[in-house]
Amino acid sequence: MNIDWFAVECAANGTPMRLNTDERRMMVRRRPNLPEDELARRSFCTVRTIERDRADLADAEQQQCPLCGQTAWVIHTGIVEAHPDKLLQECPMSGQSVAPDWESQTAATVVWLSRRIRVGDSLGVWDYLTKLPVDQRTQLLMAALAGIPDVDDPFAWITEEVEQVA
Ligand SMILES: [Zn+2]
């Protein structure tokens, strides 16, 4: 799914936005109690489209994402629906099983933390890591090391960013 979570957030909070189908459905998911005509106004579509979105949304239970801690919907198949973390970046648990094996969970966590660092949330990542028990932190470090691709300069993105700022 290609979702601009910032746009979904704006529409869910009342600012009309042009949304694609996936984004519109995510807005509808987040506002179950709003009337269809209001949701249609916020996404520049017809009431009929919103009715269809409501009917098409899979039954899901709201719960806290085990990875990013934000509200997420778990579809009855046990798959976590796409959702953003608190920085409105798509959480790597999106589309994953709610009870993944240890390897998948660890890999998803490493990917999520790396994305957060890249969008400038180093302090948030620091906070997350320092609160983890030492053995879990070491497991993440091991997984992160194993995930470094065998290329000339895996940290080229750092110098690229510096060049952009300069
Ligand atoms: Zn999440």
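Strands are DSSP runs of E of at least two residues, numbered from the N terminus; in this predicted model, L67 is placed in the loop between two such strands, β1 (60–64) and β2 (71–75). L67 counts as buried because 21 other C-beta atoms lie within 10 Å, the threshold for a buried residue being 20 or more. When neighbours within four places in sequence are left aside, the contacts of L67 are with C91, P92, M93, A108, T109 and W112. Between L67 and W5 there are 62 residues of sequence separation and a C-alpha to C-alpha distance of 17 Å.

The domain assignment of the protein divides it into domain 1 (1–57) and domain 2 (59–166), whose centres, taken over C-alpha atoms, are separated by 26 Å. Six residues from domain 1 and five residues from domain 2 take part in the contact. On the side of domain 1 that touches domain 2, the largest share, three residues, is contributed by α1, and the residues of that side comprise four nonpolar, no polar and two charged.

Helix α1 spans residues 5–12, and A7, V8 and A11 are buried within it. Viewed down the axis of α1, these buried residues fall within an arc of 100°, so they line one face of the helix. Such an arrangement can be read against the geometry of an α-helix, which has 3.6 residues a turn, so that residues three or four places apart point the same way. The buried residues of α1 pack against α2 (21–30) and α3 (36–42), and α1 is followed by G14, which has a positive phi, near 110°.

Definitions and conventions
Residues numbered from 1 in each chain as written. Predicted model: local features only at pLDDT ≥ 70, side-chain atom pairs only at ≥ 80, totals over all residues. Buried ≥ 20, exposed ≤ 12 C-beta atoms within 10 Å, placed from the backbone. Helix = DSSP H or I, 4+ residues; strand = E, 2+ residues; numbered from the N terminus. Arc of directions from axis to C-beta. Contact = placed C-beta atoms within 7 Å. Domains from an automatic or database assignment. Nonpolar A, V, L, I, M, F, W, Y, C, P; charged D, E, K, R; others polar.
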